[in-house]
Amino acid sequence: MSSTNNTDRGADDSAATAGTVERAFRAALYADSDTALDTGASLLAADPAADTELARRGEEFVAAAWRRGWQPADVVRIVGRELDDVHIRLAAGLIHDQSPNDRPRGRRWTAQLARLARLADTDTKDAPPRPDRFAHATAVLELYRLLLRLPALEPLEGPRQGSGPRQGTGSRPGIESRMLTRIRGLLAKAEATDFPAEAEALSERAQQLMARHSVDEALLADRDGARAADVPGACRIGVEPPYEQAKAVLLDAVAAANHCRAVWNEPFGFSTVVGFESDLEAVELLHASLLVQARSAMTKAEAAQRAGGRKRTKTFRQSFLAAYAHRVGIRLREAAATPVSEDLLPVLASREVAVTDRLDRMFPRTSSTRLRGVSDEAGWTEGAQAADRAQVRSRRPLE
């Protein structure tokens, strides 16, 4: 009677499945042709035992993206720009599966993972049926092609990233978290409603909550004792088409008014905002709220134009949002010019220097861009008037 070494057989099976994945990768990942993709997908579809190794290699691609400076929201955003919904769900699943093996990376990272959790859940009733093995393998390889070719980005993680709650500033993380959740919920409802009046009311309520929440960090540091270890952070905010130039200008204005600086990355659809944490929160929330208000106002302006028999086009909308961003920027700068006590000026100045220094280290070379397609006079006029009506107060004046 012969006997078989199960350990050796398991090793042989593992090597075989790894070999299938390697052959598929050599065929498909380093070439752009559909023929190469079909060859790799056929190899994977014919070997169900390779699925586990294929998923493991995908998690390695995700971890490599983190090492190159990408974050979960960035990856899903670029996948959405370059590929399709099925690839977004695959990417979210890979990120979700890789996260238990990752190190802690801070509050913003954790929040991004939470937002992706639903996309990664294939058991929900909204999840589409899984395609056949060949179609699934094709989509996986298309996603891996993209992940493999992601370039390096400026790392956002500062020296305090992933540390515990900050002490000594009088901040109340639990209360702030609940407040931010309420504000984001209001803004989400405002973006979802089809009724401009309701959206404006929700935005106004969100602004009221922001005024209560956004206590200036510099003032707290001055009252409770500043800590030398507190340094500026950075976050990325999506700037999605259409009309991304005008949206980037609006974000730049919001950032500048809240003691932050923004740099737009047009190819990848985001701006990087540098500043202290409480200021970054104010920028995120105010920018989102102003976009809601701008969309609502633009919808009403277009309806009025159509009622008057005048057809409005993409040029109208581009001009509207450009004027809106320009005028809101002026209003924000005026609001930011609130006088402060002389003993607080050195604190604000040192924080501004710290933000500028962090920005210069992250982006040693930047360039300016000019808005394109701003040629509709009616759109510009309507946008400027809408900006004058917008709620822009995001924080209490300094005393």
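Which side chain of opposite charge is nearest to arginine 145, a buried residue that has no salt bridge? In this predicted model, where local features need pLDDT of at least 70, side-chain atom pairs count only at pLDDT 80 or more, and totals for chains, interfaces and linings use all residues, the answer is aspartate 32, at 4.9 Å. Residues are numbered from 1 along each chain as its sequence is written, and side-chain values use heavy atoms, with hydrogens and water left out.

A salt bridge requires a side-chain nitrogen of Lys or Arg within 4 Å of a carboxyl oxygen of Asp or Glu. Lys and Arg count as positive and Asp and Glu as negative, while His and the chain ends are not counted. Buried denotes under 20% relative accessible area, exposed over 50%, and partly exposed the range in between (1.4 Å probe, protein chains only). Arginine 145 belongs to helix 7, residues 133-148. With neighbours within four places in sequence set aside, its contacts (heavy atoms within 4.5 Å) are Ala28, Leu29, Ala31, Asp32, Ser33, Ala36 and Leu37.

The chain contains 15 helices and three strands, taken as DSSP runs numbered from the N terminus (helices H or I, at least four residues; strands E, at least two). Of its 399 residues, 44% are buried. Among contacts with a separation of 6 or more, 82% are between residues 24 or more positions apart.

Helix 3 has 17 residues, which at 1.5 Å a residue should span 24 Å; the end C-alpha atoms are 25 Å apart, in agreement. The expected span is 1.5 Å times one less than the number of residues. Buried positions of helix 3 include Glu53, Arg57, Phe61 and Trp66. Glycine 69, just after this helix, has a positive phi of about 100°.

Six aromatic pairs are found in the whole structure. Rings of Phe, Tyr and Trp (its six-membered ring) pair if their centres lie within 6.5 Å; planes under 30 degrees apart count as stacked, over 60 as edge-to-face and the rest as tilted. The pair of tryptophan 70 and phenylalanine 268 is edge-to-face because the planes are at 70°, with ring centres 5.2 Å apart. Tryptophan 70 is in the loop between helix 3 (51-67) and helix 4 (72-82), and phenylalanine 268 in the loop between strand 2 (261-265) and strand 3 (270-275), so the pair ties together parts 198 residues apart in sequence. Both tryptophan 70 and phenylalanine 268 are buried. One aromatic cluster is formed by Phe25, Phe61 and Tyr144.

Charges also sit over rings, the criterion being NZ of Lys or CZ of Arg within 6 Å of the ring centre and within 35 degrees of the ring normal. The charged end of arginine 105 is placed over the ring of tryptophan 109, 4.6 Å from the centre. Over the face of phenylalanine 276 lies arginine 351, 3.8 Å from the ring centre.

A cis peptide bond with omega of about 5° joins proline 241 and proline 242; proline 242 is in the loop between strand 1 (233-238) and helix 11 (244-257). Tyrosine 243, in the loop between strand 1 and helix 11, has a positive phi of about 60° although it is not a glycine. Its relative accessibility is 10%, so tyrosine 243 counts as buried. Histidine 259, in the loop between helix 11 and strand 2, has a positive phi near 65°. Histidine 259 is partly exposed, with a relative accessible area of 35%.
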